[in-house]
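Student: I have a new structure open, and I'd like to learn how to read it. Could we go through it together, feature by feature?

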There are 2 protein chains.
Amino acid sequence: MAYTEYFTPTHVYFGKETERLAGKVLRENGAKKVLLHYGSSSAEKSGLLGVIRTSLKESGIDYVELGGVKPNPRLTLARKGIEICRSQKVDFILAVGGGSVLDSAKCIAYGTPYDGDVWDFYCGKKVPEKRMPMGCVLTLSATGSEMSNSSVITNDEVTPNDKFGCNTNLGRPVFALMNPELTYSVSKYQTGSGSTDIMMHTIERFFHNGPELEMTDQIAASLLRTVITNTKKALKDPSDYDARANLMWAGSLSHNGLTHMGYVSNGDWACHRLEHELSAIYDVAHGAGLSAIWSSWARYVKHTDPSRFAKLGRLVFGIEDNDPDSAAEKTIQAFERTFTDFGMPVRISGLGIDATDDVCRMLAEKASLKGAKTLGNFQVLQTEDMYRIFKAAR
Amino acid sequence: MAYTEYFTPTHVYFGKETERLAGKVLRENGAKKVLLHYGSSSAEKSGLLGVIRTSLKESGIDYVELGGVKPNPRLTLARKGIEICRSQKVDFILAVGGGSVLDSAKCIAYGTPYDGDVWDFYCGKKVPEKRMPMGCVLTLSATGSEMSNSSVITNDEVTPNDKFGCNTNLGRPVFALMNPELTYSVSKYQTGSGSTDIMMHTIERFFHNGPELEMTDQIAASLLRTVITNTKKALKDPSDYDARANLMWAGSLSHNGLTHMGYVSNGDWACHRLEHELSAIYDVAHGAGLSAIWSSWARYVKHTDPSRFAKLGRLVFGIEDNDPDSAAEKTIQAFERTFTDFGMPVRISGLGIDATDDVCRMLAEKASLKGAKTLGNFQVLQTEDMYRIFKAAR
């Protein structure tokens, strides 16, 4: 019995100044003592944390703080958060930031009520059965973690680092306060990287191994077109509210399940797994890592079903070409041009990484857990396939 | 502080045979004693109710039954359901049917834990603060009630009948089991009417009085195009799984809030309110009532912002015309042709109603509560405007 589940319980408050709702919404959700979790000093400097602290105080909500989350969030910091939540009897987490802060918060949310080691949930030993509730104030349009079931953590206790994900409906935040103005200060590079990540969440889902649902294909294409148009606007004018609003909402929709609804599988995801090896070791921006690999993956697998690539190109770029192979190649080129317009690399060299033959071999071995695991389902990849894709992407 | 909320907590299970999950999903949600609520004898004859009873028994879930829900569901039957739930200590409702059964179930869900008269929630005296949890097995693609916050009930205790809605997030079902095969047996007329209703939930939201969000406009257009294409397929071949699946999912998305996300207002809704007067008195199919009125409303208000009509026509039908007035008229005509292709009327006479001057006056008086209330916000309508729209639609 094959069916798709769609479950997006996150209560979204979208618009200007919604960060001011933090205290009210936390109180409505029964929070008494909150862990305020954030990243770098920019949220402090911009005054955002001050606004949120005021909101919590006005609503009579007690809180403790843990900042310092870095991109590719680390296990060691999450462990510290778990300790704080236990010792301080925290009952709710408020993540203020982008995907890294959210993913770190999810890790803390799983780990706090769990007797064992929270890494169990990421390395696949255990499935979370409980979590502390969590909400967020979003400051970056990218990972979609504000509505997704996903959390990705880098284990910095091993060398080279491991970067694994944990997917569970328990990871979907209770609420998300989304004010597009908070993304005005995001740099051009991070804007381009974020938009690439948004697009890849839908592109990875578009390539699957079952029947299509036209409604979902149409939404996927709408989303990709909207992201392309509005990324260019946001790069030109970082304070373009409409552009930032479109990117923020597209980021949530792209990873909340809407763009695989009615497909039998949840998508391919090989590029994400290949990229995780790059960013775990070289600490590159996730979106940049994805664009560096995608077209090489696409050219490697397109023969499996060129008409699927052709359909994507027709719906997103208006590419009309009756020859599926040629249409597929034109589609791949159009995405390469798009990523380049975003300021993103389309080869690994563009990340400043010298992907020697040995490096490609090592990355492929890690991605396949030394051959124990395949990736993808549009076309199933073995270790040798992964190695060839890394080599083609150099 | 203007913001949009998006809240769709309903857990959707979409695909063939999902009705067999009823017992399992109810148990996961803590149900012990269920009210099995349904409509006509077709669910019995088709064997659907038998499958569901078996599923409940296998999961050890006790249940009582209440059938007999009619289109434009009646207050008197809901009152009976409330009595049953109280006396039998029911803790969960399972609605098996389309929007009428769902709306009746929502009414029972609000009324059971409430000390006063459940009609209070529909006539606007009170707002529900509690509800019994509710899930559904959907058998009709139309109202979107399976994910919406809306319930519309006809008060058959007064003459002429009143038909009022109650909108609250408490009305969103806990889960929805959606098997498109269950809609194969829906008649051509009900298929056309259902698709019109689906389209109107998005069209009513498209016309609002604030700034646009391109992501939402694009999704709205994708949805309308998909419904138009797939309604024609389903009318041709009622057992076309893909067509039925697209209509079913589009029906949910069209009324769960996705198609007004980021707009400041929740849409216009004047046509829905005008139609409720027709269907309350003449008991017509809701979708047919909507198509009978819409183009007359559209021509009456289009001068307010013809470019909005032009945009809709461009995105949905590919209408290219630089003159907004002319593009607006072409758009309205294209929708009239679409509804006609669906077998739906585009005038009130097509419903078999003789809308005399007196009738139009009476309908307008009822719709405006004798002048106490305006309708719409794209253009605000007074009683006299409503009267003129009814007259134009005769």
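Student: Let's start with two helices of chain A, α7 and α9. At what angle do their axes cross?

Tutor: The axes of α7 (residues 188-206) and α9 (residues 241-255) of chain A cross at roughly 35 degrees and come within 8 Å. Here an axis is a line fitted to C-alpha atoms, for helices over the stretch in contact, and angles run from 0 to 180 degrees between N-to-C directions. The names come from DSSP runs numbered from the N terminus: helices are H or I with at least four residues, strands are E with at least two. Before we go on, this is a predicted model: local features need pLDDT of at least 70, side-chain atom pairs count only at pLDDT 80 or more, and totals for chains, interfaces and linings use all residues. Residues are numbered from 1 along each chain as its sequence is written, while chains are lettered from A and ligands numbered from 1 in the order in which they are written.

Student: Is the crossing of α7(A) and α9(A) left-handed or right-handed?

Tutor: A crossing is left-handed if the near helix is turned anticlockwise from the far one by less than a right angle, and right-handed if clockwise. α7(A) passes α9(A) in a left-handed crossing.

Student: Which residues of α7(A) and α9(A) meet?

Tutor: Contact means that the C-beta atoms of two residues, placed from the backbone, lie within 7 Å. From α7(A) come A:Ser195, A:Ile198, A:His201 and A:Thr202, and they meet A:Leu247, A:Ala250, A:Gly251, A:Ser254 and A:His255 of α9(A). By class, that makes three nonpolar, six polar and no charged residues. (Ala, Val, Leu, Ile, Met, Phe, Trp, Tyr, Cys and Pro count as nonpolar, Asp, Glu, Lys and Arg as charged, and the others, Gly among them, as polar.)

Student: Zooming out, what domains does chain A have?

Tutor: Domain bounds come from an automatic or database domain assignment. For chain A it gives domain 1 (11-182) and domain 2 (186-392). Their centres, taken over C-alpha atoms, are 26 Å apart, and 20 residues of domain 1 touch 23 residues of domain 2.

Student: How many residues does each chain give to the contact between A and B?

Tutor: Chain A gives 31 residues and chain B gives 31. On the chain A side, β1 (4-14), α8 (214-236) and α9 give two or more residues, with β1(A) giving the most, ten. By class, this side has 16 nonpolar, eleven polar and four charged residues.

Student: What should I look for in the backbone?

Tutor: Most residues other than glycine have a negative phi, and most peptide bonds are trans. Here a cis peptide bond joins A:Thr159 and A:Pro160, with omega about -10 degrees, and A:Pro160 lies in the loop between β6 (150-155) and β7 (162-167) of chain A. A:Asp283 is not a glycine, yet has a positive phi of about 55 degrees.
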